[in-house]
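Please keep the sequence and the model at hand while reading.

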Amino acid sequence: MSSTNTRLKPAPQPDGAPDSAPPPAERTGTREVTATGTGTGARESTATRLTSPVGLAHAEATSTLIAPLEAGELPNVAAIRGLRLDQILLLTTGVLVVLIVGLLASLSVASTQSQFEETARRSTERIQLQARELGQTVGQTLALTSATNLRDNNYAFLEEVAGSIVKTNPNILRVQIFDPEGTKMADSEEKGAQEAASGETHERVAERRMVSAFYRGQPVSEIQEPIDYGSSSGKGLVVISYSLGELQRQLEILEKDKRATVRANTLRMLALGLGFVVVAGVLVAYQSRRITRPLGMLTNKVMQLASGNLGARAGTARGAGREVVTLGVVFNHMAERIKVLLDDVRAKAQLEREVSLARTVQETLLPGRDAVQVGALRIAGLVVTADACGGDWWFRAGLDEQRVVIGIGDVTGHGLSTALVATSATSGFASAMTLREPSQVNAQMLITALNVTLANVGRGEHQMSSALAVIDVTNGLIDYAAGAHPSPLVFNKHSGQVASLPARGPLLGAAVTSQFTSRQAQLRPGDVVVWYTDGLTEARDGAGKLYGTQRLAAAVQAHAHLSAEALRDALLADARAYSAGQPQRDDITVVVAEFSPVA
């Protein structure tokens with residue numbers, strides 16, 4: 001930068017005005033930017049500090065250090081308690097087999113018992129039916145035979161008939177004949193047995209029926225058949241005791257067979273269940289190993305990846321199931337994506353370091369936020385970038401004791417490349433003033449030199465709009481030139497009129513041979529000149545409507561009573577309020593020059 005810059009001094013603050021340092025709400029302090037592991041301090045620029053007061057977005061520069069995790073940071077998988085997957089599979093399969101076999105055994109036992117009970121029931125019914133039929137046949141025959149003998153009191157014959165019936169049929173154990181009063185008239189038992197039982201009393205009803213009873217300690221069925229022999233006292237009764245011993249023996253045999261069958265079935269099911277458990281255990285152990293082994297290998301690869309080995313990849317798990325194979329494929333894809341993302345993070349960190357360095361250089365070349373007073377001219381400007389590095393720039397410098405040079409520019413595009421071009425333009429602007437004698441410097445020469453510099457630096461890939469002015473602070477004579485840049489507004493505080501300083505010219509940097517012309521005008525006392533870039537007038541509200549030049553002129557009129565720096569901040573605040581909630585699309589630069597000569 002030219003030594004003539006020292007002629008510009010910060011303007012004194014009016015009484016009651018705050019100190020030149022930004023208030024606490026506007027400062028972010030000094031921060032350390034980590035580069036290659038070594039901290040280097042870098043103080044924020046004026047543009048950065050203004051992000052808070054004007055409320056416009058500004059990208060913070062960050063740096064990222066990528067390093068593998070330390071071994072102590074890895075999870076202690078050995079401390080994880082619980083059954084392994086193969087143990088769970090084996091235990092679950094064993095319990096399932098035992099339950100199935102137990103259920104089958106229970107069903108077999110229940111089926112066997114049901115079959116034997118049905119057989120016993122049928123045998124009982126068959127024997128009871130046989131006893132009923134035989135007893136009724138014998139009883140009816142004996143009743144017919146006994147009727148006549150009872151009328152004739154021939155009891156000896158009845159005794160003989162009863163004995164012969166018992167002897168000829170082994171299932172009939174006893175035959176008894178009673179008169180209507182219940183007196184026993186005949187009995188197949190021997191006399192000694194009859195005398196032993198003579199004290200017994202029986203209450204019998206003379207009707208046909210069959211009842212259960214016991215004879216000599218064994219169960220019998222007593223078939224009763226009435227005898228009608230014409231007695232006035234009523235009917236007699238024949239009682240035949242039919243033995244159920246055969247039925248008892250058959251039931252005992254069935255019970256033994258049932259127990260033997262249940263025991264055999266139980267042993268068979270136990271052997272079958274044990275075989276199933278062994279076979280299932282072998283199959284589960286084999287299959288679980290096929291599944292858990294790839295999972296264990298995959299877990300090992302995950303731990304390697306977590307420890308920082310980005311080259312860890314899982315192999316193909318054959319026979320482990322589609323889900324395990326899919327898990328391995330997804331892990332490999334995830335590992336590859338992590339590697340790509342980390343590479344991107346490293347590249348981004350490197351780019352951020354480069355952007356931070358470029359921004360530091362750019363901020364060093366840009367004027368500060370504080371206003372300066374040069375004679376009757378008070379100058380204040382500010383660049384608010386949309387990205388970490390901006391393509392806007394502005395410049396002020398004292399040319400000699402009477403003249404001041406003010407420049408503003410907007411490089412097309414965003415990002416690091418535009419910032420470098422803008423920095424080169426600022427440097428070229430300062431160098432152009434030192435190549436000639438101050439008396440030979442004018443707006444046409446400066447913008448022509450700036451065009452040549454940009455054309456050589458950008459090689460036709462970058463263009464820039466720019467406006468330059470050389471102002472005589474003693475008489476207000478202004479020599480200005482522009483290349484495709486918005487015309488600055490001129491507002492006079494005394495008359496309230498708004499005008500502009502139009503100047504035509506092509507974009508800078510398109511060609512070395514581009515031609516530019518300059519124009520002259522006279523500033524009046526109380527004139528306020530506002531230079532700006534199109535980022536201000538192209539700010540949009542929620543409906544997409546542009547801020548526009550008319551609103552800018554109205555804002556200048558409304559706040560023209562303020563100082564140059566206060567007017568600058570008011571214009572930026574108005575644009576911020578207009579586009580509230582909308583992202584900043586472009587860099588915004590506002591430069592205010594107030595010509596107020598002493599009367």
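Which residue of S17 does Leu 489 stand opposite? Leu 489 stands opposite Val 530. The model is a predicted one, in which local features need pLDDT of at least 70 and side-chain atom pairs count only at pLDDT 80 or more, while totals for chains, interfaces and linings use all residues. Residues are numbered from 1 along each chain as its sequence is written, and side-chain values use heavy atoms, with hydrogens and water left out.

**The sheet**

Six strands form an open sheet in the order S8-S9-S18-S17-S14-S15, and their pairing is antiparallel. The edges are strand S8 (372–374) and strand S15 (498–500), each of which pairs on one side only. On average, neighbouring strands of this sheet are turned by 20° against each other, direction ignored. Strands are DSSP runs of E of at least two residues, and helices are runs of H or I of at least four, numbered from the N terminus. Two strands count as paired if DSSP finds at least two bridges between them. Strands of a sheet pair through backbone hydrogen bonds, either parallel or antiparallel.

| Strands | Bridges | Residues facing each other |
|---|---|---|
| S8 and S9 | three | Val 372 and Ile 379 |
| S14 and S17 | four | Leu 489 and Val 530 |
| S17 and S18 | six | Asp 527 and Phe 595 |

Buried means under 20% relative accessible area, exposed over 50%, and partly exposed in between, with a 1.4 Å probe and protein chains only. Asp 527, Val 529 and Trp 531 lie on one side of S17, and Val 528, Val 530 and Tyr 532 on the other; all are buried, and both faces are covered.

Helix H11 (residues 548–559) packs on the sheet and touches strand S14 (489–492), S15 and strand S17 (527–532), its direction making about 30° with that of S14. Helix H12 (residues 564–578) lies across S9, S17 and strand S18 (588–595), and runs at about 30° to S9. Contact here means heavy atoms within 4.5 Å. Axes are lines fitted to C-alpha atoms, for helices over the stretch in contact, and angles run from 0 to 180 degrees between N-to-C directions.

**A residue in helix H3**

Val 95 is found in helix H3 (residues 85–151). Val 95 counts as partly exposed because its relative accessibility is 43%.
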